[in-house]
Amino acid sequence: MRIEANALKATLKRREVLQGVDFLAEPGELTAVVGPNGAGKTTLLRTLAGLLPATAGSVTLAGRPLGEWTSRMRARVLAYLPQERIVNWALTARAVVALGRLPHQPIGAGESVSDARAIEAALAAMDVCDLASRPVLDMSGGERARVLIARALAQEARALIADEPAAGLDPAHQLTLFAQFARLAAEGRTVVVALHDLSLAARFCHRIVLLNAGRSIAAGAAPDVLTVEHLAAAYGIEGRYALIDGLPVVLAHNVLP
Amino acid sequence: MTMGGSRHFAPWQLLAVLGAAAVAAFLISLATGPAGLGINAAGEARLLIFREIRLPRAILGALIGGALGLSGAVLQGYLRNPLAEASLLGISSGAALGAVLAIQLGLSQLFALALPIGGLIGALAAMFAVIALAGLRAGAIAMLLAGLAVSSIATALISLVLNLAHNPFASVEMVFWLMGSLADRSLPQVWLAAPLMLAGMAILLLVGRALDALTLGEDAALSLGIDLAHTRWAVIVGTALSVGAATAVTGVIGFIGLIIPHALRPLTGHRPSLLLPASLLAGAGMLLLADAALRLMQPWVELRIGVLTALLGAPFFIWLVLRTRRELL
């Protein structure tokens with residue numbers, strides 16, 4: 001499912017956070033949204049997911065304007081993982097992951113066989129089967145993050161938008177998470193991820209969108225986007241894109257004066 | 001699967017046990033009173049006692065306890081706060097103000113239903129005031145603040161009415177009414193309140209799914225296809241109908257909406273949707289038993305049910321505060 005936005009503008013508390021962003025995420029690809037703090041990454045993802053109305057411009061899912069989707073239809077094809085890892089009650093990990101099946105369950109219906117299968121698969125994918133019966137509130141930050149990612153995976157949507165899913169994960173779980181995202185993309189899904197780790201983005205993402213001050217200043221493959229000039233313009237750093245053992249790494253040398 | 005004492009029952013088992021307990025409490029309530037089972041009374045008198053005194057009282061007890069428990073569970077789930085209950089939305093103070101005004105203006109002397117009708121109008125007025133104050137697209141916090149504002153205004157106006165009461169009998173009637181009671185309620189009052197309470201409870205039972213999704217925050221709930229505007233309306237209107245009608249008939253009965261959901265939450269695996277029917281059944285059972293206990297105490301002490309629930313509820317609240325403090329340390 002293709003996600004596309006044109007000249008997108010969005011406002012938060014009377015501040016225009018997105019000032020005309022063009023965006024494209026193709027099925028079968030892992031798309032990264034990067035940029036400095038306050039560049040508008042979260043606002044872009046929330047607007048794409050239909051959680052925040054655009055003040056101008058358009059968003060289309062699979063070629064259809066977002067406004068034409070009912071919230072329930074949208075929830076079946078698009079999963080969204082918020083940056084804040086909120087769990088309000090002492091639900092077990094399995095109960096939290098099961099919430100991802102809500103869009104697929106008719107009102108009043110319990111868990112079906114396919115629901116149970118999706119839940120078990122999501123728990124296994126995020127390596128949290130052992131935690132299934134533990135309350136999420138008692139877990140470490142990284143464990144809770146993985147359970148919440150599993151919740152989004154259990155939704156089995158054609159598109160997944162995840163806001164900083166890797167934050168707070170140890171290196172091993174970061175790698176398995178992105179391998180999982182790559183696998184979802186290889187299955188033909190559309191995966192959009194906001195993140196700060198430019199090396200992870202360069203290594204795993206087919207396409208990188210660099211935001212700065214509410215505008216997209218570059219989009220494309222990692223070597224074309226993460227250039228010395230773009231890193232300087234967006235982050236104000238002297239940075240370098242390099243290959244170590246054949247894998248891309250982005251080094252930040254200095255903060256520019 | 002069970003760990004940390006979080007769930008020992010399957011959902012249907014829990015609901016079956018609570019349902020059986022509520023039915024038992026209903027029968028106990030029917031059998032309790034100064035005339036006992038009415039074995040000694042003549043046939044006609046016995047029928048009269050059951051139909052005119054005990055039946056309305058038991059039906060009201062079940063409906064009102066259920067409405068209070070259910071609305072407490074809904075509001076705790078919606079506001080994601082274990083300390084929430086219906087009185088926070090200003091609905092019950094609005095109903096109380098309406099009823100007190102009906103006494104002050106002498107309307108309750110003119111016809112018997114003036115008191116509950118005044119209460120209903122007060123509850124609806126409070127509901128519209130909360131909606132107007134919070135705005136149509138309000139989040140949970142804005143709604144809570146609007147509820148507190150309406151509640152404090154209504155409480156201030158109740159004090160004003162009490163202050164200005166023209167004769168001591170009227171003020172005694174008001175004060176007693178404010179304490180809450182199921183005694184001496186007639187079948188017409190049941191017919192007035194029951195449809196509204198049932199409609200309100202039906203609306204509240206439908207938000208369970210939304211409350212489950214809200215566990216993960218408003219953005220996640222929206223992305224799961226939940227219509228939050230619809231949910232907010234259902235919470236406000238459902239609470240106003242069920243608790244408004246309940247308060248209009250019986251006066252203020254506190255703490256059931258706070259205690260019942262809180263006590264049951266661990267038994268439901270902390271799932272907000274399962275907590276709704278569980279709190280409804282347990283609230284009904286608890287209020288019926290409390291009311292039956294009052295009638296057993298009657299030869300020695302004349303106690304109002306609102307006073308009893310407050311006496312039982314306040315220590316529970318203190319225990320809650322202490323436990324929360326321990327968890328924060």
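Trainee: Which helices do the buried residues of α5(B) pack against?
Mentor: They pack against α3 (91–104), α4 (107–110), α6 (140–164), α8 (187–205) and α11 (228–250) of chain B. Contact requires C-beta atoms, placed from the backbone, within 7 Å. This is a predicted model, in which local features need pLDDT of at least 70, side-chain atom pairs count only at pLDDT 80 or more, and totals for chains, interfaces and linings use all residues. Residues are numbered from 1 along each chain as its sequence is written, while chains are lettered from A and ligands numbered from 1 in the order in which they are written.

Trainee: What span should α5 of chain B have?
Mentor: Its 21 residues (114–134) should span 30 Å at 1.5 Å a residue, and the end C-alpha atoms are 30 Å apart, which agrees. The expected span is 1.5 Å times one less than the number of residues.

Trainee: And what follows α5(B)?
Mentor: Gly135(B), with a positive phi near 85°.

Trainee: Turning to chain A, what is the strand order of the open sheet?
Mentor: The order is β2-β1-β4-β5, with antiparallel pairing; strands are DSSP runs of E, at least two residues, and helices runs of H or I, at least four. Pairing needs at least two DSSP bridges. The edge strands are β2 (15–25) and β5 (64–65) of chain A.

Trainee: How many bridges join β1 and β4 of chain A?
Mentor: Five. Ile3(A) stands opposite Leu61(A) in β4(A).

Trainee: How many residues does each chain give to the contact?
Mentor: Chain B gives 22 residues and chain A gives 26. On the side of chain B, α10(B) supplies the largest share, four residues.

Definitions and conventions. Two residues are in contact if their C-beta atoms, placed from the backbone, lie within 7 Å.
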